[in-house]
Amino acid sequence: MLPVFDEGVPAVLRGVGPLFETAEVFEWIKQAHPAVRANTAHDKIVALKRSWGLSPDDFHDPEAPQPGRAAEIYRDGGMVLDASPFLPTPDHDTFGDWITDARTRLGGEFCMQAPGLECASWDALGRLQALLHPVLRQTGPRTYRYNAFVGDYRRTPFGFHLDPHQEGVFQYVLEGRRRGLFWEGLTLSHEDAGWVEDTNGITSLGREPELVLELEPGDLVFWPGTHLHGFEAEGPSMGLSMVIDRISPRRREDVVAGLVSSTLGGAAALPPAISRAPLTVDDVVERRGPFSLAYERCDDALIIAVRGRTFDWPEPASIPAAMRLLDVLERHDGGPLPLRTLVDRCADSTLASEEICEVMTMLAELGYLR
Ligand SMILES: [Fe+2]
């Protein structure tokens with residue numbers, strides 16, 4: 001999954017599964033989205049009784065999973081204001097039973113979006129984390145979640161749309177054939193706003209999709225937040241999205257404060273940076289002192305800390321190579337380290353040997369190397 005994420009364009013991975021089963025995802029939806037949670041009337045009844053000094057039985061199990069956002073059901077391009085009567089219940093033995101029942105009671109095609117399914121069980125969360133771990137290691141902390149799209153609908157109910165708040169989505173197809181349509185969002189103009197996010201679904205597409213992927217159960221499709229996207233489905237369908245948001249859940253100042261303290265072993269007054277001649281590949285360096293250097297991803301930046309000072313890595317394209325370089329440095333046992341060895345191990349098409357020498361010079365100036 002990491003190479004596809006790094007490539008940064010929509011793509012499909014075939015034969016990676018089975019990653020999930022329809023029956024288990026259907027159970028996760030029931031666990032995370034009981035009807036009682038989708039309707040605020042229950043809370044208001046409890047609040048009213050409490051305000052009169054009564055101690056009503058709460059409708060909510062305090063131990064019940066908390067998905068963060070309620071499930072949404074769409075019918076004819078509009079969101080059904082109260083989804084609770086149409087959610088799956090323990091009486092629906094199979095996904096197919098529920099589809100038939102909901103379609104009958106909603107009077108036709110419908111789509112449900114069920115977010116936050118990772119709260120259904122530790123197994124559900126663990127598998128999401130195992131799958132996304134390589135990507136999250138590269139992006140740094142992100143908000144991530146499952147988001148199931150289920151129903152019997154012909155087109156994404158909120159239209160072909162952009163999700164600029166998302167880093168990317170991996171969607172596993174469990175039921176039904178679907179067609180993914182994609183456009184590079186950065187090429188869109190104001191004129192395109194007339195057909196993008198057409199929730200009525202009656203405006204014709206303003207331009208042909210740049211990429212169409214035909215998908216079937218077992219496929220894992222990826223698209224980055226830069227791409228306009230939507231799906232056309234045939235018959236009952238279930239897709240389980242694994243969504244990674246763009247913005248780090250941590251504030252930059254908190255990240256910097258943590259890095260400063262970890263690379264100084266606490267807090268201390270710092271001597272000035274050391275002025276020295278640039279290092280070359282013929283030099284040999286050695287670590288100075290016991291404390292490590294550290295780095296963290298924060299939003300799009302790679303923040304590097306050394307001896308209580310921090311700086312941002314200047315070139316986004318070489319961030320993965322920079323992380324590998326810093327890992328190699330940190331794992332070194334502390335004895336003499338020829339820069340030529342470091343260059344041989346870490347230089348690549350994004351990170352030239354001269355740039356490695358420049359970084360080492362900076363680390364020497366900041367007191368990490370001598
Ligand atoms: Fe989306």
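Student: What makes the crossing of helix 8 past helix 9 right-handed?

Tutor: Helix 8 passes helix 9 in the right-handed way. Keep in mind that this is a predicted model, where local features need pLDDT of at least 70, side-chain atom pairs count only at pLDDT 80 or more, and totals for chains, interfaces and linings use all residues. Residues are numbered from 1 along each chain as its sequence is written. Helices (H or I, at least four residues) and strands (E, at least two) are DSSP runs, numbered from the N terminus.

Student: Why is helix 8 called oblique to helix 9?

Tutor: The axes of helix 8 (residues 339-346) and helix 9 (residues 353-365) come within 10 Å and cross at roughly 130°. That angle makes helix 8 oblique to helix 9: under 35 degrees is roughly parallel, over 145 roughly antiparallel, 65 to 115 roughly perpendicular, and the rest oblique. Axes are lines fitted to C-alpha atoms, for helices over the stretch in contact, with angles from 0 to 180 degrees between N-to-C directions.

Student: Which residues in helix 8 and helix 9 meet?

Tutor: From helix 8 come L339, L342, V343 and C346, and they meet S353, I356, C357 and M360 of helix 9. Contact here puts C-beta atoms, placed from the backbone, within 7 Å. By class, that contact has seven nonpolar, one polar and no charged residues.

Student: How do you know that strand 4 and strand 5 pair?

Tutor: Pairing takes at least two DSSP bridges between two strands. Strand 4 (residues 110-115) and strand 5 (residues 144-152) have six, in the antiparallel sense, so they pass. P115 stands opposite N147 in strand 5. Helix 5 (residues 122-139) packs on the sheet, touching strand 5, strand 6 (166-175) and strand 11 (236-245), and its direction makes about 35° with that of strand 11.

Student: What makes strand 8 and strand 10 edge strands?

Tutor: They belong to an open, antiparallel sheet of three strands, ordered 8-7-10. Strand 8 (211-215) and strand 10 (227-233) each have a single partner strand, so one side of each is left without a neighbour in the sheet. The twist averages 20° from one strand to the next. Strand 7 (residues 178-184) and strand 10 pair over seven bridges, and F182 has H229 in strand 10 as its bridge partner.

Note on methods
A crossing is left-handed if the near helix is turned anticlockwise from the far one by less than a right angle, and right-handed if clockwise. Two residues are in contact if their C-beta atoms, placed from the backbone, lie within 7 Å. Ala, Val, Leu, Ile, Met, Phe, Trp, Tyr, Cys and Pro count as nonpolar, Asp, Glu, Lys and Arg as charged, and the others, Gly among them, as polar.
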